[in-house]
Structures are given as structure tokens and as C-alpha cells.
Amino acid sequence: MTHLLDVQDLVVKFRLRSGDLTALNGINFTLNPGERMGLVGESGAGKSVAGFSIINLISKPGFIASGRVLFEGEEISAYPLEQMRDIRGNRISMIFQDPMMTLNPVLTIGTQMVETIMAHNKVSVTHAREIALEKLSKVYISSPGKRLGQYPHELSGGMRQRVVIAISLLTNPSLIIADEPTTALDVTIQAEVMALLLELCRDDNMGLILITHDLGVVSQVTEKIAVMYAGRIVEQGPTEAIVSAPRHPYTQGLIKALPQGGGGGGRLHQIPGMMPNLTSIPPGCAFHPRCEHAMDICRRETPQLFGDGQTPGLVACHLYAQTR
Amino acid sequence: MNLWKRFRGSYFLYSFLHDPVAMGSFIVLALLALSAFGAPLIAPHNPYDTTTIDIMDSEIPPVWMDNADAKFLLGTDAQGRDMLSTMLYGMRISLIIGIGATFLQALIGIVLGLVAGYKGGRIDSFLMRMADVQLSFSTLMVAIFLSAIFQAIFGVAAFESMAVPFLVLVIGIAEWPQYARTVRASVLAEKKKEYVEAARVVGLPSARIMWRHILPNTMSPILVLSTVQVAHAIMSEAALSFLGLGMPITKPSLGSLINSGFDYIFSGSWWITMFPGFLLVLLILVINLLGDWVQDVLNPKLYKG
Amino acid sequence: MKAHTTEPLVSITNLVKHFDISGGFLDRISFAGGLPSLTTTTVKAINGVSLDIRQGEILSVVGESGCGKSTLGRTVLGLYPPTSGKIAFRDMRIDNLSAQDMLPYRRRMQMVFQDPYASLNPRMTVRQILEEPTRFHFPDLSTSQVQDKVAEVMRQVGVDPAWAGRFPHEFSGGQRQRISIARALMVDPEFIVADEPISALDVSIQAQILNLIMDCQERFGLTYMFITHDLSVVEHISTRVAVMYLGTLCELADKKNLYGDPQHPYSRALLSAIPRLGTKGFSHIRLKGEVPTPINLPTGCVFHTRCPHVNERCRNEIPKLLGRPNGSQAACHALEEGRI
């Protein structure tokens with residue numbers, strides 16, 4: 001079976017006046033059709049860069065330095081811009097944190113949806129409108145006919161994000177990349193939007209890459225997780241396994257730092273220090289200055305992702321290399 | 001020392017050193033300003049000293065033409081003054097008036113803009129309507145009107161001695177709304193930021209919040225505007241002097257020099273008008289080019305067309 | 001006077017705050033029924049909130065965007081004058097004081113802001129930022145005393161005092177938030193309003209700042225009003241929680257009561273929507289429709305347009321905050337009538 005998405009050794013660099021900066025340092029993962037994956041990390045971990053580089057949307061001065069991205073068996077990372085454009089927004093859709101990145105404020109919802117459909121399919125305007133109506137009702141937008149005539153600013157934040165999801169569904173994509181889709185929304189609306197996304201993915205067997213810092217949301221929606229730190233994946237595996245028994249010290253720290261239900265108001269576990277700047281990533285394991293288990297080897301050698309064959313998932317940490 | 005180190009590592013300096021137009025403009029402007037303010041030292045003649053001026057030397061062409069005199073590099077004007085020296089002294093007056101007027105504009109505009117933006121409400125409406133009224137008179141109209149009144153009351157002789165402060169005042173008053181509007185707009189933006197609220201939570205009086213906290217954060221647009229306004233003020237002064245309402249011919253600015261030579265342009269003495277004209281264009285051009293660069297550096301978000 | 005845990009430090013009584021957003025004269029002219037008339041548009045941000053903040057507690061105010069929680073904090077601190085109602089600090093009414101009379105209270109009540117990038121003046125060094133409030137409120141201190149205090153407070157919040165000469169942009173978001181807390185601590189306050197102090201920070205940094213906030217409470221006996229939308233944080237740090245919706249207090253309860261046994265239908269919906277680690281899928285209570293605009297408030301209970309238990313009385317009569325058997329207070333007719 002071919003994977004829906006197969007990312008191999010992806011390296012993304014940024015060309016700056018002081019030299020090249022490595023934002024993504026050899027990312028590997030696969031996604032099966034209909035599989036939902038969470039890409040988790042703090043700001044600066046490179047999770048958004050990873051999402052953007054899959055569809056080659058890295059803007060200057062960033063560029064893909066090496067590695068391949070295979071989508072349904074095609075090597076899309078080698079595609080020229082024209083061909084890429086055909087895949088983007090057609091077979092792969094993207095949802096951003098800010099709905100206004102997708103929506104044009106001076107055009108009505110209807111115009112934007114019809115345009116999107118007609119750009120990728122040869123259909124009449126009336127047929128395109130029908131498709132738009134169908135997708136709007138699919139995301140539970142009340143009176144979709146009325147919404148088609150409205151402008152983005154007339155809708156509330158949650159409604160806008162639902163319209164964006166409806167737009168991303170227009171071309172029946174097989175993969176959706178959602179970059180912090182609910183970060184700007186309130187909790188009740190976040191729950192609604194995420195539940196909707198989950199339902200749609202299940203119904204149409206769509207793949208989902210959910211880029212977020214919120215482990216709670218990820219554990220509700222996804223089947224597997226990749227945790228990123230300073231441009232690398234430090235741990236990946238099935239969601240339950242990672243959430244209930246994280247192995248990488250960073251993942252452990254991240255989960256322990258979350259205020260969890262029933263907390264008696266005591267001190268929270270805190271990871272000392274902060275994520276290194278991309279310009280000054282420490283040698284060896286990038287996490288070692290903040291890690292309580294740091295050993296000599298951690299300062300010298302960068303650990304690679306590996307599995308031990310017993311526990312599901314992969315981890316990039318020297319702690320587990322000893323038992324190998 | 002710390003400040004110097006910060007400056008050396010700053011983006012400001014970096015972008016300056018990587019922009020040949022900005023560097024070129026800056027060098028030309030620096031040379032012009034230096035020679036203008038150093039005029040008494042470097043000018044070969046003193047155009048203000050009537051004893052050194054001989055009417056017999058009038059309208060001598062520049063050295064590369066026939067009938068030239070090696071003493072006068074760029075020739076002489078109708079009164080026998082050395083063109084080069086007169087232009088240097090004239091540029092000095094133009095720069096003094098331009099900078100002085102801009103300072104006055106900035107002073108009035110910043111204070112009123114700050115108060116209008118921070119206090120809001122009726123004070124804001126009142127000050128901004130005042131600015132609108134002021135802007136609906138053109139600078140020239142105000143200046144013509146006021147200088148006519150001034151000359152009628154105090155006489156032409158008094159006007160000649162008071163010309164520089166008078167022009168500073170007229171151009172300064174006519175253009176303050178530019179500053180007031182710019183400052184008010186950025187105060188409105190800054191006022192919403194949380195550091196201002198933090199200062200209010202501390203209980204600082206509004207005057208202190210305005211001056212110590214908000215004003216330093218509105219400096220970028222003020223700096224950008226200032227370059228434009230200096231160029232503008234120099235041009236206004238030149239226009240007034242050209243119309244005969246500005247600097248008298250005994251203490252000419254670039255504008256009055258252009259004007260004085262205008263009568264002779266068809267009798268063949270083109271240099272009396274053309275040289276100061278070129279100098280004025282060059283001066284305005286380099287200031288504007290430098291202003292464009294400052295704007296690019298300080299507003300990186302600005303769309304570069 | 002005895003310090004007692006149930007003694008109110010700050011009392012808010014029937015607080016109302018409306019903002020006039022009508023704009024200029026020309027914007028206000030409307031033609032109703034053929035005749036020109038002046039209309040006023042007001043945002044009803046807070047509508048009659050009564051609340052005591054007890055000495056030494058962390059009272060969290062939660063609610064979704066637009067519920068008036070930030071306005072409440074700012075009005076309590078006197079950043080906005082209240083439209084009506086009373087605010088008292090240790091039984092002394094402070095909402096109607098002149099700027100001069102307010103000064104001693106300014107020192108005792110401080111604020112920590114949400115955006116660590118906007119809350120520090122970019123043109124001032126950290127030393128200037130920290131010295132200013134101290135010099136202003138303690139003019140008798142000598143220069144060296146002020147400097148000692150800056151160094152001491154910087155150490156307390158975990159920022160190296162050697163960095164005092166730097167500008168805010170040279171620090172990371174977490175460090176800036178520490179500096180922001182340091183500025184509040186510089187004047188030895190008793191009460192701090194923290195307006196979403198961690199929502200702009202990364203998860204691992206959030207824990208650091210939350211710990212710092214709790215440490216300060218312990219060390220200086222501070223009382224907090226903690227404004228946030230993050231319900232899992234609230235569960236961790238608060239003593240009591242106030243749930244707000246559209247400028248109204250829905251429920252006021254001890255943390256345990258609220259999370260174990262939420263009363264108000266809105267609190268129930270809100271709590272069910274918290275993303276929990278290790279739960280699959282969603283089981284949140286779906287609310288119909290959207291939050292109405294605070295310009296045109298619904299009549300009666302502000303929540304009635306979305307409430308699953310609405311009846312005629314809810315549409316007409318504003319519910320009062322009443323005690324519940326479990327010790328919580330909630331404003332709901334359905335609860336009062338025993339319908340839910």
C-alpha cells in the first residue's frame with residue numbers, strides 16, 4: 001500500500017545575511033490514507049515550517065535544501081510551481097490559524113467558494129454554487145444560502161473558521177494540513193470546530209496533519225503524534241502511547257507542565273530554560289541544556305530516532321540507546 | 001559607549017551601508033551642509049561686505065566662458081557679487097530657515113498632536129478642526145498675507161532685518177498640522193498598548209505618560225516626516241523669496257538669488273539664475289532621497305512599490 | 001484589625017460599565033420615521049457584577065472573549081471609570097476618588113498584562129522600567145536604595161540583575177513576562193490583577209510563570225484576580241472561580257465545587273469543552289447559536305438565547321445570583337426552580 005504522505009529526510013533552511021539557518025533538520029514520517037497525525041511543539045520548534053514545506057509553501061528566504069516529499073506515490077517536492085499549484089488547494093488543503101489568511105475580505109463567501117471550485121474543476125456557476133451550499137451545510141452552517149452572500153467580516157470567528165474548512169473541502173482533498181486552526185478561538189467554539197474536523201476526516205477518509213502546541217486537542221483528535229524540538233522530531237508514535245507514557249524527557253516535561261484536572265494547586269513541573277534560538281542550537285542533543293538526564297554523550301552526539309521493537313513509537317534520546 | 005556599540009550593530013547602519021543611493025545622498029548633503037555653514041571660512045568672497053563689491057564686476061560669466069575673471073569661479077551677479085560665495089551664503093540662509101521652520105512646526109505639532117491624541121474627546125476634535133482650518137490655507141497664501149501686513153506696519157527696512165525669524169515663523173505656523181496629524185495618529189496607536197496602561201496603573205500623571213512613554217515611541221514617523229518637511233520648508237522659503245516676499249536681495253537666500261537673476265536670463269546672464277537653481281534642486285533632491293531611505297528603514301512593513 | 005481569610009480585600013458592588021461607541025456627531029444622526037434623531041450606541045461590557053475578592057485568595061475570572069472579564073479587571077483598578085456601582089478596597093470606596101486621593105491605592109493594586117511584547121515600553125531599559133514606579137511612589141528612597149530594590153526584585157522573579165541595562169526586545173517572551181511581574185512587585189502591592197498573563201506563552205514557559213505567580217502569592221501574601229480563558233490553568237491555581245458571560249456573573253464557586261459540580265448551564269457547557277489529555281473524541285455540550293453582541297443584550301437572562309433549559313421567565317426576568325446547596329452561587333431561574 002502506498003502511503004498518503006511520505007516525508008523523507010526533509011531539510012529546510014533559511015538564507016539570512018549571516019548565513020544559512022537550518023529550520024528543519026531531517027524530518028521523516030509517513031501518513032496512511034485517512035490517518036490523523038499531530039505535529040506538536042512550542043513556537044520555534046519548526047512545526048509550522050514542516051507543514052508549509054510539505055506543500056512547498058515555504059516563502060523566501062526559506063528553501064528546501066534536501067529530502068523528498070511523496071504524496072500518493074508522487075514526488076511532489078520535485079514538482080514545478082505550476083504542477084504544485086494543482087495539488088495545493090486541490091488534493092491537499094491547508095487551514096490556517098487566522099481564517100482571514102484564506103478569506104478575502106472584499107469578496108463574498110459565495111464568490112470565493114465558487115471561484116475555488118471553478119479554478120480546479122470544469123463546472124458551471126450554478127453547479128459550483130450547489131457544491132458550495134452542500135459543503136457549507138456539511139460544516140453545520142445555518143442558512144447556508146444567506147451566508148453565500150455575506151462578507152467574511154459579517155461572520156463570527158468560529159463561523160469564519162468553519163467557512164474556511166468548508167472551502168478546504170470543496171475539492172474533496174485527501175489530506176488536510178491544519179496549522180493551529182483553533183488557537184484564536186474560544187474553548188466552546190474550539191471544541192465544536194475540532195469535533196467537526198474529526199467527523200469530516202472520518203466520514204471522507206481524509207488524512208489530517210494537525211499542527212498545534214495544544215496536547216489536549218491533539219490527544220482528542222489524532223491517532224499518532226510527532227513531537228518536535230528545535231527543528232527535529234524527538235519522539236513519534238501512537239497518540240495513546242505518547243500521552244500516557246512519554247519517553248523523551250522533553251515530551252515528559254511538556255506533559256507534566258500541563259496543569260491537569262484535580263491539581264491541588266501545587267507547583268507545576270517546569271522545564272528549566274527555553275527553546276534555543278535556531279541560530280544557536282546546542283551541539284549534540286539540542287535538548288541537553290534543559291534535560292535533567294543529560295549525559296556526556298548527549299553533549300557530543302545528536303541522537304537519531306529509533307524504535308526498540310517492544311514499545312510502539314520512535315524516540316531520539318540516548319537514554320534508551322543504552323538498552324538497545 | 002554603549003549607545004555607540006548599539007548603533008554599530010544596528011540594522012539602521014547596516015541598511016545604510018548597503019544602500020548606495022542613501023550613502024551618496026548623505027555624502028552630498030553633508031558636503032552641502034558643511035560648505036553652507038562653513039561659508040565664512042571657505043567662500044572666496046564675503047557677499048555681505050559691501051566694501052569688497054565692485055559694481056564694475058557685475059555679470060561676469062563663469063571661468064570657462066569668454067570675458068571671464070579667474071577671481072570669480074562661477075561668475076558674478078548683477079551687483080558684482082561672486083556667485084559661488086553668494087550661493088554658499090544663500091544656501092546657509094535657506095538651510096537655517098528650513099530647519100528652523102521645521103523645528104517650530106515640530107514643536108507646535110508634536111505638543112498639540114500629543115494632547116489631541118492622548119486626551120481625545122472634545123479637545124481632540126477642537127485641535128484637529130483647527131488643523132483642518134490651517135491646512136485649508138496654503139503656506140504661500142498665509143505668508144503673502146502676513147508679510148504684506150508686516151511690511152505695511154513696520155516698513156520694508158524693519159522687514160529686511162527681521163526676515164529670517166519672520167520666515168521661520170510663517171512657514172512654521174503654516175505647516176504644523178502635518179506634525180499634529182502624524183503624531184496624533186501614532187499616539188492613538190500607542191495609547192492602546194499595554195505599557196501605557198501599565199504606566200496608568202502605577203498612577204503616573206498624564207503629562208509624564210505622554211512625554212516619557214508615548215512620545216519616544218512616536219519618534220520614527222516624526223523623523224520620517226521631518227526630512228520631508230525640511231525639504232518642503234526650504235522650497236516654501238525659495239518660493240516666497242522668488243515672489244519677493246522672502247529674503248531681501250542684500251541677504252539673499254537661494255530663492256531670492258534665483259529671482260534676482262531672472263531679469264537677466266534673457267540678456268544672456270543665465271548663470272545668475274541657473275546656478276542657484278541647480279543647487280536648490282540638488283539640495284532638495286538629496287534630502288528627499290535620504291527621507292525615502294529613512295522611511296524604508298523605519299517602516300519595514302510599508303509596501304515597497 | 002484581624003486578617004481573616006474570608007474578609008474581603010476588594011468588594012465590587014453592582015458594577016456596570018458601558019462604553020459609548022457612537023462616534024462623532026455626524027455618525028450619530030439617524031432617520032427614524034422620517035425625522036432626524038441622535039442615536040447612541042453603547043457596548044454593555046459589564047452589567048451589574050457583585051463580587052468580593054478575599055484577602056489572600058486567587059480569584060479566577062473565566063469566560064470567553066467578549067464576556068467583559070478584562071474590562072472588569074481594568075475597571076477595578078480604575079483604568080476605566082465605572083458607569084455605576086461601587087468598588088471598595090478594604091471597605092474604603094475608591095471608584096470616585098480624585099487622581100491624587102487614588103495614589104495610595106495605586107501602589108497597593110497592580111496589574112500584569114497579557115502581551116509581554118506590548119506591556120513593556122520598548123524605548124526604556126529594564127532598569128528604567130522598574131525604577132520608575134518605585135521612585136514615583138517612594139520619593140524618599142535614595143538612588144542606591146532604589147537600585148538595590150531593582151536588583152532584589154529581579155532576582156525574585158528569576159531575571160539576572162546584570163541584565164538591567166538591556167532593552168525589552170533583547171528578552172524572550174517568558175523573561176519579559178517576569179519583568180512585567182517585577183514591575184508590579186516593585187511597589188509592594190497587596191492586590192494584583194493578572195490579565196491573561198500566560199496565554200501568549202509557550203507551554204513549558206507557562207508552567208514557569210504560573211509557578212512564579214504562585215510563589216509570589218505565598219512569599220508576599222498577595223491577593224490575585226486572575227483573568228483567563230484557560231480553564232485547566234484555573235483549575236490548577238485558583239481558590240475560587242467566577243464564570244462570566246456577556247458582562248454578567250453566571251456562577252461564583254470554590255474551585256472544587258465548580259469543577260466537580262458545575263451549576264449554571266453555561267458553566268457546564270464551558271467545562272465540558274476543555275480539551276483533556278488522554279480522552280478520545282469529543283463529548284462536549286453543544287450550545288446552539290452564537291454569543292449575542294453586547295450592544296444589543298438579550299432581555300432577561302443573557303444566556304437564554306443559547307440555553308437548553310430556557311422558559312418564558314428566563315426571557316423576561318434577569319436571574320439573581322443565589323446560593324446553591326453545594327455552596328456555590330449561580331444566577332439561573334432553572335436552578336432556582338429546580339428544573340435542572
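A residue is counted as buried if 20 or more other C-beta atoms, placed from the backbone, lie within 10 Å of its own. By this criterion, buried residues account for 47% of the 324 residues in chain A. The model is predicted, so that local features need pLDDT of at least 70 and side-chain atom pairs count only at pLDDT 80 or more, whereas totals for chains, interfaces and linings use all residues. Residues are numbered from 1 along each chain as its sequence is written, and chains are lettered from A and ligands numbered from 1 in the order in which they are written.

Chain A contains 12 helices and 11 strands, taken as DSSP runs of at least four residues (H or I) and at least two residues (E), respectively, and numbered from the N terminus. The radius of gyration of chain A is 21 Å, close to the 20 Å given by the globule rule for 324 residues, so the chain is as compact as a globular protein of that length; the radius is taken over C-alpha atoms, and the rule is 2.2 Å times the number of residues to the power 0.38.

An open sheet of four strands in chain A has the order E2-E1-E4-E5, with antiparallel pairing, where two strands pair if DSSP finds at least two bridges between them. Strands E2 (19–31) and E5 (74–75) of chain A stand at the edges, each with a single partner strand, so one side of each lacks a neighbour in the sheet. Strand E1 (residues 5–16) of chain A pairs with E2(A) over 10 bridges in the antiparallel sense, and Asp6(A) stands opposite Thr30(A) in E2(A).

Notes:
Buried ≥ 20, exposed ≤ 12 C-beta atoms within 10 Å, placed from the backbone.
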